[in-house]
Amino acid sequence: MNMSIVEKLSEILLNEDKKYPMYQRYRALFSLKGLGTPEAVDLIIQALGKENESELFKHELAYCLGQLQDERAISTLKGLVSDSSEFVMVRHEAAESLGAISNLECIEFLKQHLADPCKELAHTCEIAILKIKHDHSVNGGSSEIHSEKANNDKSKYGPIDPAPAETKVTDVSELKQILCDQSLDLWTRYKAMFALRDINTPEAVEALGTALLNDTSSALFRHEIGFVFGEMGRTESVPYLQHALNKLDEAPMVRHEAAEALGAVIGEEKALETLKEYAADKCQVVRESCEVAIDMYNYENSKEFQYAII
Ligand SMILES: [Fe+2]
Ligand SMILES: [Fe+2]
C-alpha cells in the first residue's frame, strides 16, 4: 500500500490541526478499517489515546477495533471499559468489541463489569460474555467451552453481530413477542432482533419499530434496534427512527443510532429533512451523528463509487 495514502488517512483521522470535519474523519476511519492492516490498527489505537476527542468519534474508533478482530487492541479496549470517567458510548463499544474479538480470556474481565452502575455497559458485558461463550461452543450456546472459536462469522450485512440470529423461531409475530418481552434476558431478545433483521420485511420492521418505541428496559437494546434499522435501510423504518430522534429525553446513544440509520435509508427525502432539523441539536453526539448521516445519505443517493476514501 502506498504510504502516502496511509499518511493522508492518518492526518485526517488524528486531525491535529482541527481542519477536517467529522464526516471526513469517518470516511478516513472506514478506509483504514477497510485496509485492516496492523498499521491501520495501530493508527486507530493511537487516535483513541487523543485528549478531548468527541464521544461519537471515539466510539466509532472502538467499534472498528472490534470489527478488525486484532487481539493487539484488547488492552486498549479493556482500558476504555474500566475507565468510569470515559463516555458511556465508548465504554459500551469497547466492551462489545471485546465480544467481537472473542478471546476466552476476556470473559473474567467482562464479568467484573456486570454490576457496573452504567447500565449500558453492564448490559453490553452481559451480552459479550454470552457471545464469546457461544463462539467457542461447539453446540452454539452450550456451556461446554472450547479453546477454538467455532462460530464467529460475519453477518450477511458485513459486521460481526453482538449476538447470533435466532434460528429456531422463524415466525415474525413469535419473534416480535420475544423481542418485546421485557422479562426475558437481553441475549434472547437480541437473537430475535437479528432474526427479524435477516427476515427484513415490512412486518419485521413493524416488530422492531414497536420494540424501539415501547421498550423501557434498556437503552442499549433500543440503540441496537436503531443500528439494525441502519443495516436494513428500509423506508418503513423512517417514522420509528424519527420518533426516537424526536424524543429529547431518550438516551443519546439511541438518538445517535436513529440519526445514523436515517442516513442509510435510500431515496427518502423525509429522512434527510429530519437529519437537517437535528443538525443543531443540543446534544453533541446527536449533532455530529446528523452531520455524518447527512454525508452518508448523500453518498447513498449519489453515484459515488465508495463511501470510504480509498
Ligand atoms: Fe453500539
Ligand atoms: Fe454507534
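His223 has 3% relative accessibility and counts as buried (buried is under 20% relative accessible area, exposed over 50% and partly exposed in between, with a 1.4 Å probe and protein chains only). His92 likewise counts as buried, at 0%.

This is a predicted model, in which local features need pLDDT of at least 70, side-chain atom pairs count only at pLDDT 80 or more, and totals for chains, interfaces and linings use all residues. Residues are numbered from 1 along each chain as its sequence is written, chains are lettered from A and ligands numbered from 1 in the order in which they are written, and side-chain values use heavy atoms, with hydrogens and water left out.

## Site of the iron ion (ligand 1)

His92 (NE2), Glu93 (OE) and His223 (NE2) coordinate the iron ion (ligand 1) at 2.2 to 2.7 Å. Donors are N, O and S atoms within 2.8 Å of the metal (3.2 Å for Na, K and Ca); water is not among the atoms, so sites may look incomplete. The sequence spacing of these donor residues is H-E-x129-H.

His92 belongs to helix α6 (residues 88-101) and His223 to helix α12 (residues 219-232), so the pair ties together parts 131 residues apart in sequence. Helices (H or I, at least four residues) and strands (E, at least two) are DSSP runs numbered from the N terminus.

His59 is buried, with a relative accessible area of 3%, and His256 is buried at 1%.

## Separation of the ions

The iron ion (ligand 1) and the iron ion (ligand 2) lie 4.4 Å apart.
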